[in-house]
Structures are given as C-alpha cells and as structure tokens.
Amino acid sequence: MSEPMTRPIPAPAVTLESKPFFDAAAEGRFLIKRCNACGEAHWYPRTICPICHSDDTVWEESPGEGVIYTYSVMHRSPTGPYAIGYVTLSEGPAMMTNFVDVAPDGLSIGMKVKVKFLPTEGGPPVPVFAPV
Amino acid sequence: MSIKGKAYVVGAYEHPTRDAPDKTTAQLHAESARGALADAGLTFDDVDGYFCAGDAPGFGAMSMVDYMGMRNVRHMDTTETGGSSYIVHLNHAAQAIAAGKCTVALITLAGRPRNGGNRPGPGGGGRPPAGLTDGAPEQGFESIYGGSTHNTYGMCAMRHMHEYGTTSEQLAWIKVAASHHAQWNEHAFLKNVVTVEDVLNSRMISDPLHLLDCCVVTDGGGAVVVTSPEVARSLKRPLVRLLGAAEAPKMQMGGKGLDLTHSGAVWSGPKAFEEAGVTPADIKYASIYDSFTITVLMQIEDLGFCKKGEGGKFVADGNLISGVGKLPFNTDGGGLCNNHPTNRGGITKIIEAVRQLRGEAHPKVQVPNCDLAIAHGTGGSLGVRHAAGTAIMEREA
C-alpha cells in the first residue's frame, strides 16, 4: 500500500472578491456564495450570481461535505503523486480540489469526502478534501 | 456582403465609477455588461456573441464568459488593438451578425489602473492592497490544485469511463491509428507504429491516461491564407471552400450541473453542419484535435459521428485509420505523433484537411476522392473551461 497523498500548495491569488473566503479559511471556516434572488449556491464565489445574474449574493458557511465527481492521480510529479478532482458539494455546485489523506489507488467516483484546509507557501490556507 | 444596415447598437452603459478600490476588474466588466443589457431591455441569456480585449482578466473570453455566467455564447472575438479594440469589435460584431454567427453581441471593457489593476497603463501608478491581485477571477480557486493538461483531461477520461464504460484499450486505438499515419510523414516527431499493448504498457502519467495517450511537445508553426472566391479562382491552387464554421465556449457555470463527459463541440458541431448543409455521414476526412486520446473520443461523439457514450466502440479496431476504417482522421499523424506546435494544434488540423481536399496528403494515407472534410479543435482545457471551433470545408470541382 502506498503512502497517503498530500502536496505542497502555492499561495492562492487572492482578489477583492475572494478575500472574505480566504479570511474565513484562515479561521478554518469553509464559505460558499449563495444568491438571494434565485436561491442557488455557486462556485467559485462571485459578486454577481453566474446563474441568474443578480448582485444579491451572500456568503454562507458550509460543512464542506460532498461526493467525488471525478479525479485523476498525477504521477508525473517531483513531490510524489497527487490527486486533482471535482467534488459535488451537498449544496449543489461542483468545485475543483485536491484529495488528500488517501492512497493513490484509494479514490473512487461517488466517494464521500469532507473539506479540510492545507497551509500554503506564504499565503492563506486552501480547501482540500479527504475521504470521510 | 456589406455590414451596411445589418446591425444596430441597442444598449450602451458607462460605468459610473472613476475610482474602484473595492471592486475587481472582472466585476467591473460584469457590472458594465449588466448596465448595457438593462439599457437594451435584454438579459445575459440573450447574449450569443461576446467581445473583449486585453483588459479582460484571465483567459480572455473564456474567463469572462464563465465569470459572467453567459450560457448561450456561440461567437467570440478577443481582438486586441489597444484603445481602439472596442471600435474594431463593433465592426466584427456587425460582421458576425450579418453572417448569422450571432444575434446579440456584447462588448465589454473595464480596468482599475488607479488601484493596481492587472494591466495598469501609463499614468496609473496605484498599487493593489497588500497580498491582493486582480487577475483571472478563477485563479485563486483553481491554479493552486496543480491542474495541468494531463490531469484535467485525465479527469474527463475517468468520468467518461465511469458513465459509459469506455476502456483504456479503446482510447489506445486512437494513438494506434495516429501512429499508422505518422509512419508515412517524414517530418513526424514520432514515426514508429505502436500497438494497443504499447499504449497500455507505457507509464501512467495521470489516471487513466498513459504516456502514449498524450500528444507530443514540439516547436514549430503553421499558417493559413483565406481569400475571396474571385481571388481564389485567379490562383493556380485547388479550390478549397469553407462551407460552415462555428464556435462555442464550454464553462463551469457556477459549478451547477458540471458535466465533463462532453465538449463545446455539442454546440459548435451542429451549427457548423447546419451552415454547411451536410451531415457527419457525408464527411470523408476528419482533423480532430488530439491533445490526448480522450480529446478525440469525446469530440467524435459530440460532433455526431456516433452516439454519446459509443465513442469507445467507434474508435476501436482501426476505424480511424485511413484505408481501413470508416472515419480517416489526422492523416499527418496528428498531435499524438506528428506535431503539436507550441501546444496549440488548431492550425495543423486545418492544414492536413486542406492537404486531403487537394489530394496532396501522403499517397499511403490520402483518402480517395476526398471532397468534404472537417477540422475541429478544443482550446483551453476539456476538464476546466475550453472553447470549441469547427470548420467544414469542401473541394470545389
């Protein structure tokens, strides 16, 4: 059995729109954006709802639970294999992420995962997901 | 055809801000777009043509169309000529409307030079707040995860296998077919013929894609010249006529209903075929973008050469090999074996289609009486956001 995967993550590019997300991430809280006009949650977070185009969007704290939509384990990596993929959050939207604390052959589509935060190189922590 | 009288300006909006310390450039684009659409009495869903220039953050129209959640864009133009870009866009928008490529065109501009926007011009000098950037809006939520072409296309292949039972053996047949063609191309980067076993036994790059599922990395270039019927007939070359062409971005659209098993070809393909007045069954030769084997399989399905999910069966057993199968593809050896100059394969797709239509492909791969061809490409990433382009060409007798 191979080692559980992790990877060094560079600092994310933080913008005025995404700053509240990363400020919350620094406190270990996972935020998503929801639109008061259409009621839909979306990802990545924007000021104007990408679904109905209202500007009445608000931050919402999420438990960060979901299932793996797809993934791919990258073997061509100097720091060891790592998994990129999409999680379909229980609130609806799918988001890109890395899967950690799992062996390269331990992932499957539909697997339940939960958010955790990994520190980055000189920036705020970022959300990754691990099997429940 | 002239644009005279073919297009009208129905919405116009000047953003009221002159100093925007609290908004991103992407946001200013979106707010300006909302204003212009409201002025016209239209919505984002009415927009099917989008125009922006170098001030748009990120990957041009692809980043902005996704950011703004424009679901119905089927025509894009990111011509960059500095401050005159938007007047040039007005001309291009009118051409596109006159030609039936779109009916509602949106042109946006925005920037924050006073606040260290990502493209501050001379006279700006402002700096962004410490630790903040104003680049592609998606960047902070994507680039951190180590996405490359290999693993983002790998994610598409993984999901396609999950939903449709597609196998690595079936994907391997795409490389095998390309290698059969490349052996005759003296300039091909890889000239050796490979087998399904060779592909499966090559090392895993990013699940489920092996080394031989990937295209080559090459230096190089290419160019194409397009002209009027009158000029074309005055020249001494075989006549290759463009019959239909279309384009479409495919976005994540707020993550709602993400589906990585299809490409933008589901929109660009039917539109191009309709304009050309032909069907997939009429096509004699296909140039299909082949950054990876999965790219080919998904686009073949999406263009309508077979039903969705049946691409694996379609490409197996040499069906893409010239002289063997029903759909000869990438007879130059494609990006998988021949050439993928500067990681952009679109122009080589046009070039080999032109060779086939002229009867100038290598004799070992020339399709007999090749009078109708398609060139189709995907740019960006199939697994993140991309734009599809389709062109259908015929040889004029």
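Two strands pair if DSSP finds at least two bridges between them. With that in hand, here's a quick tour of this predicted model, where local features need pLDDT of at least 70, side-chain atom pairs count only at pLDDT 80 or more, and totals for chains, interfaces and linings use all residues. Residues are numbered from 1 along each chain as its sequence is written, while chains are lettered from A and ligands numbered from 1 in the order in which they are written. Helices (H or I, at least four residues) and strands (E, at least two) are DSSP runs, numbered from the N terminus.

**Sheet in chain A**
- Three strands of chain A make an open, antiparallel sheet in the order 2-1-3.
- Strand 2 (41–42) and strand 3 (57–62) of chain A sit at the edges, each pairing on one side only.
- Strand 1 (residues 30–35) of chain A runs antiparallel to strand 3 of chain A, joined by six bridges.
- Across from Lys33(A) you'll find Trp59(A) in strand 3 of chain A.

**Where the chains meet**
- Chain A puts 43 residues into the contact and chain B puts in 42 (residues are in contact if their C-beta atoms, placed from the backbone, lie within 7 Å).
- On the side of chain A that touches chain B, strand 4 (65–74), strand 5 (82–89) and strand 6 (94–99) of chain A each give two or more residues.
- Strand 4 of chain A gives the most, with six residues.
- That side of chain A divides into 24 nonpolar, 13 polar and six charged residues; Ala, Val, Leu, Ile, Met, Phe, Trp, Tyr, Cys and Pro count as nonpolar, Asp, Glu, Lys and Arg as charged, and the others, Gly among them, as polar.

**Two helices in chain B**
- Helix 6 (residues 168–182) of chain B packs against helix 10 (residues 293–303) of chain B at an angle of about 100°, with axes 9 Å apart (axes are lines fitted to C-alpha atoms over the stretch in contact, and angles run from 0 to 180 degrees between N-to-C directions).
- That makes helix 6 of chain B roughly perpendicular to helix 10 of chain B, a label for angles of 65 to 115 degrees.
- Leu171(B), Ile174(B) and Lys175(B) in helix 6 of chain B meet Thr293(B), Ile294(B), Val296(B) and Leu297(B) in helix 10 of chain B.

**Parallel strands in chain B**
- Strand 7 (residues 285–288) of chain B pairs with strand 8 (residues 372–380) of chain B in the parallel sense over four bridges.
- Tyr285(B) stands opposite Ala373(B) in strand 8 of chain B.

How values were computed: Two residues are in contact if their C-beta atoms, placed from the backbone, lie within 7 Å. Angles under 35 degrees count as roughly parallel, over 145 as roughly antiparallel, 65 to 115 as roughly perpendicular and the rest as oblique. A residue is buried if 20 or more other C-beta atoms lie within 10 Å of its own, exposed if 12 or fewer, and partly exposed in between; C-beta atoms are placed from the backbone.
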